[in-house]
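How do the helices of this model pack, and what spaces do they leave between them?

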Amino acid sequence: MSTTNRSNTNSSPFLLVGIPGLETLHVWISIPFCFAYIMTLLGNSMVLLAVRLDKSLHEPMYYFISMLAVIDLIFSTAVVPKMLGVFWLDSREIGFEACFIQMFFIHTFTAVESGVLLAMSFDRYIAICNPLRYNTILTSSRTIQIGLLSLARGAGVMTPLMCLLTSLPYCKTRVIPHSYCEHMAVVELACADPSVSDLYSLIVATLLVGTDSVFITFSYGMILRSVMRLPSQEARLKALRTCGSHVSIILLFYIGGLLSMYLQMFSFGLAPHVQVLVADFYLTVPPMLNPLIYGIKMKQIQEGIFKLLGQLAGLNVSQAD
């Protein structure tokens, strides 16, 4: 195929199916996704405002939580509005460039979140295992540098993948049997051998997830060993409660991600709509649950949110008077 023909072919938009086989139920299916998105916007925005306005939360741990909130907001906004457009308005068309931009945001911020979760485990390791040096090791500027490094790492490893994918000719059907530009579903539409991009994505995913999960496991293993050596049972419970929210988020992120990935790679005899729904819920439910986990598990965040709500209520009362 000539370069001109390939360019013309690749400029054509893709068409998103939504939930294959359940098109007649799209309006009803959209309700939980719309609710999850609204809760994601409200919950993560409240966390960001609480950390921003409450000076007692200006510590590395809460900066990392703020980073997760920003990631969740970007992550959800990259996917859910278009998904709801498909469900509500049958707006199935998505431009070629827009499709790969959406895919870039999904993969990049998945990698960024993995890096931030690793940083959070390191934060808890220093706070519990070496508390006297905590303030000198994890300064505010160093925390921001870690966040920027996670962002640079995610964008750095995903940019070559996007270049490989956009260089492929897409001359088969333009219909994506999904409700967003899912990587594997898009690659299947290419009419050239995608083995190079497949190998690259496999290596990157294995190295990123594998390395991060190993170091996270090591950090929490060392934390658990230190906690068990504490003389007071109350101190042990307090330390475990502090790490409980982090572990919950980590399990939700990695287990959900692995489940979604393997169901896309191997059908296991499941209907296509089941695979798509699992992937959709993975992209929408964790961003909604993360701020709820902070609020339930972390007293300081909870108090910060209540303080913010109290200030907003007082402001409304004074304006009414």
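In this predicted model, the largest pocket is lined by 38 residues. Those nearest its centre are His 107, His 183, Met 184, Ala 205 and Met 261. The largest share comes from α8, with 10 residues. By class, the lining divides into 25 nonpolar, 10 polar and 3 charged residues. The volume of the pocket is about 1,000 Å³.

The structure holds 1 cavity of 30 Å³ or more, and the largest cavity contains about 50 Å³ of space. Its lining consists of Asp 72, Phe 75, Thr 110, Glu 113, Phe 253, Tyr 282, Pro 286, Pro 287 and Asn 290. Helices α3, α4 and α10 each supply two or more of these residues, and α10 has the largest share, 4 residues. The cavity lining comprises 5 nonpolar, 2 polar and 2 charged residues.

Two packed helices are described by the angle between their axes and the distance between the axes. For α3 (residues 60-89) and α6 (residues 140-166), the angle is about 25° and the axes lie 10 Å apart. Angles under 35 degrees count as roughly parallel, so α3 and α6 are roughly parallel to each other. Their crossing is right-handed. On the α3 side the contact involves Pro 60, Tyr 63, Phe 64 and Met 67; these meet Ser 140, Thr 143, Ile 144, Ile 146 and Gly 147 of α6. The residues of this contact include 6 nonpolar and 3 polar, with no charged residue.

The second pair joins α6 to α8 (residues 195-228), at an angle of about 165° and with the axes 9 Å apart. Because angles over 145 degrees count as roughly antiparallel, α6 is roughly antiparallel to α8. Here the crossing is left-handed. Helix α6 makes the contact through Arg 153, Val 157, Met 158, Pro 160, Leu 161, Leu 164 and Leu 165. From α8 come Val 196, Ser 197, Tyr 200, Ser 201, Val 204, Leu 208 and Asp 212. This contact has 10 nonpolar, 2 polar and 2 charged residues.

Note on methods: Residues numbered from 1 in each chain as written. Predicted model: local features only at pLDDT ≥ 70, side-chain atom pairs only at ≥ 80, totals over all residues. Heavy atoms only, no water. Axes fitted to C-alpha atoms, helices over the stretch in contact; angles between N-to-C directions. Parallel < 35°, antiparallel > 145°, perpendicular 65-115°, else oblique. Left-handed = near helix turned anticlockwise from the far one by under 90°. Contact = heavy atoms within 4.5 Å. Nonpolar A, V, L, I, M, F, W, Y, C, P; charged D, E, K, R; others polar. 1 Å grid on protein atoms, 1.4 Å probe; cavity = no way out; pocket = protein on both sides within 12 Å on 5 of 7 lines; lining within 4 Å. Points joined across faces, edges and corners; volume = space filled by probe spheres on them.
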